[in-house]
Amino acid sequence: MASERDLFSTEIVNRGIESSGPNAGSLTFSVRVRRRLPDFLQSVNLKYVKLGYHYLITHGIYLVTIPVLLLVFSAEVGSLSKEELWKKLWQDARCDLATVLAFSGVFVFTLSVYFMSRPRSIYLIDFACYKPNDDLKVSREEFIEVARRSGKFDEESLEFQKRMLMSSGIGDETYIPKEVIRSSESSATMKEGRAEASMVMFGALDELFEKTGVRPKDVSVLVVNCSIFNPTPSLSAMIINHYKMRGNVLSYNLGGMGCSAGIIAVDLARDMLQSNPNNYALVVSTEMVGFNWYQGKERSMLVPNCFFRMGCSAILLSNRRRDYRRAKYRLEHIVRTHKGADDRSFSCVYQEEDAQKFKGLKVSKKLIEIGGDALKTNITTLGPLVLPFSEQLLFFGTLVWRYLFGGNNSASSRKPYIPDYKLAFEHFCVHAASKTILDELQRNLELSDHNMEASRMTLNRFGNTSSSSIWYELAYLEAKERVRRGDRVWQLAFGSGFKCNSVVWRSMRRIKKPSNNPWLDCIDRYPLSNTHPR
């Protein structure tokens with residue numbers, strides 16, 4: 001019973017003053033019970049640890065062979081005097097020219113094969129995050145008032161949304177397409193969806209092209225991800241048409257892949273660049289809030305109304321070696337986890353119609369539990385790729401111990417050593433889904449308030465902007481001028497499917513405060529102390 005009880009957390013919520021009923025005029029409270037993320041210290045599936053080490057061994061074989069060769073060479077050279085070394089290098093070589101030429105040929109051939117087969121580095125030149133106009137800005141109170149004036153919700157639904165908003169971690173300066181919400185139509189039209197898509201995508205792309213000086217015709221790969229709104233022609237076709245991009249551009253449109261699709265889009269762009277050297281790739285991540293607006297009474301489908309807000313990011317990637325000096329970041333690792341084979345994971349975020357035939361996104365109460373399982377798998381696989389040697393040694397020792405003594409019921413076999421991921425990264429950009437999810441992630445990964453600051457402030461200022469949220473968080477770190485040369489940035493996102501994806505970047509230089517940044521007009525007001533967990 002104790003272990004089952006540990007899966008839940010309780011919270012006392014102030015519901016305000018009761019407006020009607022026998023308790024009218026009095027202050028009321030309720031006790032909220034939530035499922036926690038699974039305790040990562042209690043269970044680790046070792047097959048994912050082995051998978052991480054498999055990645056490390058596959059891509060890091062040169063880290064093992066090169067030091068051994070250097071050690072053998074040093075031992076051989078170190079045993080010779082200067083006279084003997086000169087004799088071997090010059091006098092013996094003159095007598096055996098064929099051997100020298102053969103050795104040189106093999107050396108040059110091996111070196112050429114290595115550099116030709118080695119994947120090109122992928123650089124992030126720059127990125128842009130769209131900031132909507134102030135006339136789309138809405139406070140929490142105004143959000144409820146706009147919803148009330150639309151006439152689409154009863155008082156019970158409005159009260160539920162108000163409670164969700166007040167405990168969501170979202171502030172009073174987020175953005176929504178008010179005209180769509182005020183509309184008398186039962187759902188957003190394709191015209192309204194395209195108008196919102198044009199606003200956010202072209203706004204982000206105009207800024208990115210201006211910052212980088214790259215022309216749209218210079219881009220050879222285009223990847224767009226948007227989960228809910230997928231018109232025909234596609235969003236990627238809209239971009240190609242608007243910017244008159246070249247006819248042989250490789251374009252892709254990812255739909256229905258949730259809030260983690262931004263990292264999937266980066267992974268696809270990386271693969272395409274590896275097959276097409278000396279090119280640029282453009283990745284656009286967004287979501288259409290108005291097109292997903294739900295107006296029914298099903299509480300599990302009202303949740304997205306409270307959290308999702310307007311936003312879009314555009315990033316420019318390159319595999320051109322001459323872009324090394326001007327790039328901001330270099331791509332280090334991408335680890336993707338998909339739990340779709342499990343029925344609960346597959347259906348925990350599900351688009352469907354309710355009993356009144358209103359379309360919406362249904363969010364399961366078991367979302368945190370399911371997300372925690374996907375997260376555990378993802379970070380366990382990522383660990384061997386990023387952790388320092390001291391943590392690797394302890395981690396590997398635990399792996400060997402559990403393999404040799406797996407049947408032992410001792411405490412050490414039940415509680416494997418979980419590495420300190422704060423030693424692997426300087427900066428954390430965790431998808432700003434909700435305050436509850438951020439609280440649980442911080443507790444389980446033992447991250448500090450400083451580590452979670454970018455995520456919490458992004459949730460407060462811009463809300464949950466879906467797959468683009470991790471880029472608003474990186475923009476926050478840049479606006480604070482915290483990113484220095486050599487720093488490692490971990491972007492972590494999760495979404496429907498159920499998927500959990502990680503991408504790791506290394507800073508190429510100290511990032512000064514950009515001239516174009518969505519945080520510039522308000523960065524001095526952050527961080528806000530009241531957004532931290534109680």
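Modeller: Let's start with a term: two strands pair if DSSP finds at least two bridges between them. Helices (H or I, at least four residues) and strands (E, at least two) are themselves DSSP runs, numbered from the N terminus. Keep in mind that this is a predicted model, where local features need pLDDT of at least 70 and side-chain atom pairs count only at pLDDT 80 or more, while totals for chains, interfaces and linings use all residues. Residues are numbered from 1 along each chain as its sequence is written, and side-chain values use heavy atoms, with hydrogens and water left out.

Now for strand 8, residues 280–286. On one side, seven bridges join strand 8 to strand 9 (residues 312–318), and those two run antiparallel. Alanine 281, for example, has leucine 317 as its bridge partner in strand 9. Strand 8 also pairs with strand 6 (residues 219–225), this time in parallel, through six bridges. Here valine 283 of strand 8 is the bridge partner of valine 223.

How covered is strand 8? Seven of its seven residues are buried, where buried means under 20% relative accessible area, exposed over 50%, and partly exposed in between (1.4 Å probe, protein chains only). In a regular strand the side chains alternate between the two faces of the sheet. In strand 8, Tyr280, Leu282, Val284 and Thr286 point one way, while Ala281, Val283 and Ser285 point the other way.

On to the salt bridges, each a side-chain nitrogen of Lys or Arg within 4 Å of a carboxyl oxygen of Asp or Glu. By that rule there are 31 of them. Take aspartate 172 and arginine 140, whose closest N and O atoms are 3.0 Å apart. Aspartate 172 sits in the loop between helix 7 (155–166) and strand 5 (174–175) and arginine 140 in helix 6 (residues 140–149), so the pair ties together parts that are 32 residues apart in sequence. Aspartate 172 is partly exposed at 40% relative accessibility, and arginine 140 is partly exposed too, at 22%.

Another salt bridge links glutamate 478 and lysine 328, with 2.9 Å between the closest N and O atoms. Glutamate 478 belongs to helix 19 (residues 469–479) and lysine 328 to the loop between strand 9 and strand 10 (329–338), so this pair ties together parts that are 150 residues apart in sequence. Both glutamate 478 and lysine 328 are buried. They also belong to a network of salt bridges that links Asp126, Glu207, Lys211, Lys328 and Glu478.
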